[in-house]
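Biologist: I am new to this structure and would like to learn how to read it. Please show me the model, and then I will ask about its features in turn.

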Amino acid sequence: MENDFVKTRKNNIYLSDNDLKILKKYNINYEDFNSIREMMFYLEEVINNCEDIDDDLEELLIKISEYN
């Protein structure tokens with residue numbers, strides 16, 4: 001449960017430790033983005049263009065969209 005707490009990361013991107021695990025699963029480094037919006041656009045692009053994506057990445061996009 002502790003891994004579900006959201007923390008402020010680099011560039012004011014709010015992610016939990018579990019969120020970071022999901023991003024790592026898809027080789028996405030949140031530090032490569034200048035803002036949460038930039039990361040959201042990238043995640044949406046990945047979800048729309050890749051066939052072998054699990055629901056977890058889409059759920060993460062929804063979650064961070066709510067933060068924004």
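Biologist: Is aspartate 19 buried or exposed, and why?

Modeller: First, the ground rules. This is a predicted model, in which local features need pLDDT of at least 70 and side-chain atom pairs count only at pLDDT 80 or more, while totals for chains, interfaces and linings use all residues. Residues are numbered from 1 along each chain as its sequence is written, and side-chain values use heavy atoms, leaving out hydrogens and water. As for the term, buried means under 20% relative accessible area, exposed over 50%, and partly exposed in between, with a 1.4 Å probe and protein chains only. Aspartate 19 counts as buried because its relative accessibility is 4%.

Biologist: Where is aspartate 19 found, and which residues is it in contact with?

Modeller: Helices (H or I, at least four residues) and strands (E, at least two) are DSSP runs, numbered from the N terminus. Aspartate 19 belongs to helix H1, residues 17-25. Contact means heavy atoms within 4.5 Å. With neighbours within four places in sequence left aside, aspartate 19 is in contact with Leu60 and Lys63.

Biologist: Which residues of H3 are buried?

Modeller: They are Asp56, Leu57, Leu60, Leu61 and Ile64. Seen down the axis of H3, these buried residues fall within an arc of 140°, so they line one face of the helix. The arc is that of the directions from the helix axis to the C-beta atoms. The general idea is that an α-helix has 3.6 residues a turn, so residues three or four places apart point the same way. On the other side of H3, Asp55, Glu59 and Glu66 are exposed.

Biologist: What do the buried residues of H3 pack against?

Modeller: They pack against strand E2 (14-15), H1 and helix H2 (36-49). Not counting residues up to four places away in sequence, aspartate 56 touches Ile22, Lys25 and Tyr26.

Biologist: What joins the side chains of lysine 7 and aspartate 17?

Modeller: A polar contact is a pair of N or O atoms within 3.5 Å; within protein, one must be able to donate a hydrogen and the other to accept it, and residues adjacent in sequence count only if both atoms are side-chain atoms. Here the polar contact between the two side chains is 3.3 Å. Lysine 7 and aspartate 17 are 10 residues apart in sequence, and 8.2 Å apart from C-alpha to C-alpha. Lysine 7 lies in strand E1, residues 7-8, and counts as partly exposed because its relative accessibility is 36%.
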